Amino acid sequence: MAALKKLIAGNWKMNMLSADGTALARDIAAGAGDVGCDLLLCPPATLVSRISETVNDSGVAVGAQDCHEAESGAFTGDISASMVRDAGASHVILGHSERRHGLGETDERICAKVKAAHGAGLVAILCIGETETERDSGQTLDVLAGQLDGSIPMGGRGFAINGANTVIAYEPVWAIGTGRTPTSEEVLAAHAHIRAHLEGGMGNEAASVRILYGGSMKPENGEELLAIANVDGGLIGGASLSADSFLAIAGAAEG
Ligand code: PEP
């Protein structure tokens with residue numbers, strides 16, 4: 001199968017008010033025609049609608065950073081997958097480590113959210129990744145397999161996802177926001193393992209599922225990380241808050 005077109009996704013986390021966010025999105029949209037990959041911006045929920053309007057016809061997609069698994073109800077402060085869709089988003093990040101480890105989200109809950117996202121017609125960006133302790137004790141590959149098994153909805157024939165509705169993001173917890181990254185060999189091994197595990201759960205269809213790397217990706221290391229086999233793009237936190245650095249990473253993403 002031909003290489004998948006790469007996806008460079010920006011996770012703005014809890015940053016940006018409307019003026020800054022709109023300016024950032026406008027600058028990124030202006031540069032989108034110069035890169036050969038897909039671009040996605042994930043602003044805070046308050047800005048999803050505004051950023052969707054800002055990037056409008058540029059080809060840049062917009063996503064939310066989380067959604068609730070229920071369709072509606074008494075969940076003060078939460079937003080449903082259909083609300084995310086209604087605000088103009090096409091994607092939603094689910095299972096980010098700041099929610100798994102910071103807010104105690106379990107695989108089971110994340111799986112319910114993935115189902116809700118699919119039900120609303122959203123692409124789920126499902127994040128998985130090991131902690132430093134798990135890496136140091138040699139558990140990385142088992143942890144990744146366990147998170148895939150626990151967070152991916154199951155159907156009659158195995159994993160009930162496809163390349164059009166799900167993206168996997170491998171994000172070592174210890175690399176997020178720290179300036180530290182795994183070696184190329186470690187990224188290669190993790191992504192190969194994720195691909196093989198997906199194959200075990202869904203056969204040949206696994207080849208169409210994009211696997212992003214996330215964790216301190218920046219212009220200085222983007223080219224090397226994005227050239228590794230089975231790295232189909234990047235999920236970028238800090239470096240997505242500047243149009244220059246985000247577009248520089250996107251410029252390094254061939255395919
Ligand atoms: C992230 O939060 O998804 C992330 C990858 O952050 P950073 O690029 O800042 O490490």
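Reply: Of the 255 residues in the chain, 52% are buried, meaning under 20% relative accessible area, with exposed set at over 50% and partly exposed in between (1.4 Å probe, protein chains only). Keep in mind that this is a predicted model, where local features need pLDDT of at least 70 and side-chain atom pairs count only at pLDDT 80 or more, while totals for chains, interfaces and linings use all residues. Residues are numbered from 1 along each chain as its sequence is written, and side-chain values use heavy atoms, with hydrogens and water left out.

First, the setting. There are 10 helices and 10 strands in the chain; these are DSSP runs numbered from the N terminus, with H or I of at least four residues for helices and E of at least two for strands. Along the principal axes, the C-alpha atoms fill a box of roughly 45 × 45 × 35 Å. Among contacts with a separation of 6 or more, 71% join residues 24 or more positions apart, a contact being heavy atoms within 4.5 Å.

Now for the part I'd pick: helix 10. Helix 10 spans residues 243-251, and its buried residues are Ala243, Ser245, Phe246, Leu247, Ile249 and Ala250. What lies over them? The cover includes strand 1 (7-11), helix 1 (18-31), strand 2 (38-42), helix 9 (219-226) and strand 10 (233-236). In general, an α-helix has 3.6 residues a turn, so residues three or four places apart point the same way. Look at the start of helix 10 too: a side-chain oxygen of serine 242 comes to within 3.3 Å of the backbone nitrogen of aspartate 244.

Leaving aside neighbours within four places in sequence, lysine 218 contacts Gly179, Ala239 and Ile249. Lysine 218 sits in the loop between strand 9 (210-214) and helix 9, and it is partly exposed, with a relative accessible area of 29%. Its C-alpha is 9.7 Å from that of glycine 234, 16 residues along the sequence.

Between helix 9 and strand 10 you'll find asparagine 230, which has a positive phi of about 70 degrees although it is not a glycine. At 26% relative accessibility, asparagine 230 counts as partly exposed. Lysine 13, in the loop between strand 1 and helix 1, also has a positive phi, near 50 degrees. With 21% relative accessibility, lysine 13 counts as partly exposed. For context, most residues other than glycine have a negative phi.

Terms used:
A polar contact is a pair of N or O atoms within 3.5 Å; within protein, one must be able to donate a hydrogen and the other to accept it, and residues adjacent in sequence count only if both atoms are side-chain atoms.
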